[in-house]
Amino acid sequence: MRIRNAKELISKGSLKLSEISAAVGFENTRHFSRVFKELEGISPFEYRGKLFVESERFTNREQTEKE
């Protein structure tokens, strides 16, 4: 449940990972990162990067289709 909430907060992009970690109930970012990676297969930082790349592709595809 906490990791699901963290993923939602990460997708919004406005909070630092340390803020997200605290917001979902982890005492420290290192533990949060370890648990996140165990469950998701990638670190929270990598997850945020993956979301950014996917949103860039989507935006570029939309712009190409409009042209």
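Reader: Which helix holds Ser21, and is Ser21 buried or exposed?
Author: In this predicted model, Ser21 is found in helix 2, the element that spans residues 17–23. The cut-off for a buried residue is a relative accessible area under 20%. The relative accessible area of Ser21 is 1%, and therefore Ser21 counts as buried.

Reader: Which backbone oxygen does the side chain of Ser21 reach, and at what distance?
Author: Setting aside residues up to four places away in sequence, Ser21 touches Phe26, Thr29 and Phe32, and Asn28 is also among the residues it touches. Within that group, the side chain of Ser21 reaches the backbone oxygen of Asn28, and the distance is 3.4 Å.

Reader: How many helices and strands are there in the chain, and what share of its residues is buried?
Author: The chain contains 4 helices and 0 strands, and from the N terminus on its elements run α-α-α-α. Of the 67 residues in the chain, the buried ones make up 21%.

Reader: At what angle do the axes of helix 1 and helix 3 cross, and what does that make helix 1 relative to helix 3?
Author: Two packed helices are described by the angle between their axes and by the distance between those axes. For helix 1 (residues 2–12) and helix 3 (residues 29–40), the axes come within 11 Å and cross at roughly 100°. Angles of 65 to 115 degrees count as roughly perpendicular, so helix 1 is, relative to helix 3, roughly perpendicular.

Reader: Which residues make the contact between helix 1 and helix 3, and how many of them are nonpolar?
Author: On the side of helix 1, the contact is made by Ile3, Ala6, Lys7 and Ile10, while helix 3 brings Phe32, Val35, Phe36, Leu39 and Glu40. Sorted by class, the contact of helix 1 with helix 3 has 2 charged residues, no polar residues and, as for the nonpolar ones, 7.

Reader: Where does Glu40 lie, and which residues does Glu40 touch?
Author: Glu40 lies in helix 3 and is partly exposed, with a relative accessible area of 34%. The C-alpha atoms of Glu40 and Ile3 are separated by 8.7 Å, although these residues are 37 residues apart along the chain. When residues up to four places away in sequence are not counted, Glu40 touches Ile3 and Lys7.

Reader: Which residues make up the largest nonpolar core, and which elements give two or more residues to this core?
Author: The largest nonpolar core has 11 residues in all, and these are Ile3, Ala6, Ile10, Leu17, Ile20, Val24, Phe26, Phe32, Val35, Phe36 and Tyr47. The elements that give two or more residues to this core are helix 1, helix 2 and helix 3.

Reader: Which residues does Phe36 touch?
Author: Phe36 is one of the residues of the largest nonpolar core, and it also takes part in the contact of helix 1 with helix 3. Not counting residues up to four places away in sequence, Phe36 touches Ile3, Lys7, Ile10, Gly41, Ile42, Ser43, Pro44 and Tyr47.

Reader: Where is Ser43 found, and is Ser43 buried or exposed?
Author: Ser43 is found in the loop between helix 3 and helix 4, the latter covering 44–66. Leaving out residues up to four places away in sequence, Ser43 touches Phe36 and Lys37. The relative accessibility of Ser43 is 18%, and because the cut-off for buried is under 20%, Ser43 counts as buried.

Reader: What is the separation of the C-alpha atoms of Lys12 and Arg48?
Author: Lys12 has its place in helix 1 and, at 56% relative accessibility, counts as exposed. Lys12 and Arg48 are 36 residues apart along the chain, and their C-alpha atoms are separated by 9.6 Å.

Reader: What is the separation of the C-alpha atoms of Ala23 and Ala6?
Author: Ala23 has its place in helix 2 and counts as exposed, at 54% relative accessibility. Along the chain Ala23 and Ala6 are 17 residues apart, and the separation of their C-alpha atoms is 8.1 Å.

Notes: Residues are numbered from 1 along each chain as its sequence is written. This is a predicted model: local features need pLDDT of at least 70, side-chain atom pairs count only at pLDDT 80 or more; totals for chains, interfaces and linings use all residues. Side-chain values use heavy atoms; hydrogens and water are left out. Axes are lines fitted to C-alpha atoms, for helices over the stretch in contact, and angles run from 0 to 180 degrees between N-to-C directions. Angles under 35 degrees count as roughly parallel, over 145 as roughly antiparallel, 65 to 115 as roughly perpendicular and the rest as oblique. Contact means heavy atoms within 4.5 Å. Ala, Val, Leu, Ile, Met, Phe, Trp, Tyr, Cys and Pro count as nonpolar, Asp, Glu, Lys and Arg as charged, and the others, Gly among them, as polar. Buried means under 20% relative accessible area, exposed over 50%, partly exposed in between (1.4 Å probe, protein chains only). A polar contact is a pair of N or O atoms within 3.5 Å; within protein, one must be able to donate a hydrogen and the other to accept it, and residues adjacent in sequence count only if both atoms are side-chain atoms. A nonpolar core is a set of buried Ala, Val, Leu, Ile, Met, Phe, Trp, Tyr and Cys residues joined through side-chain atoms within 4.5 Å.
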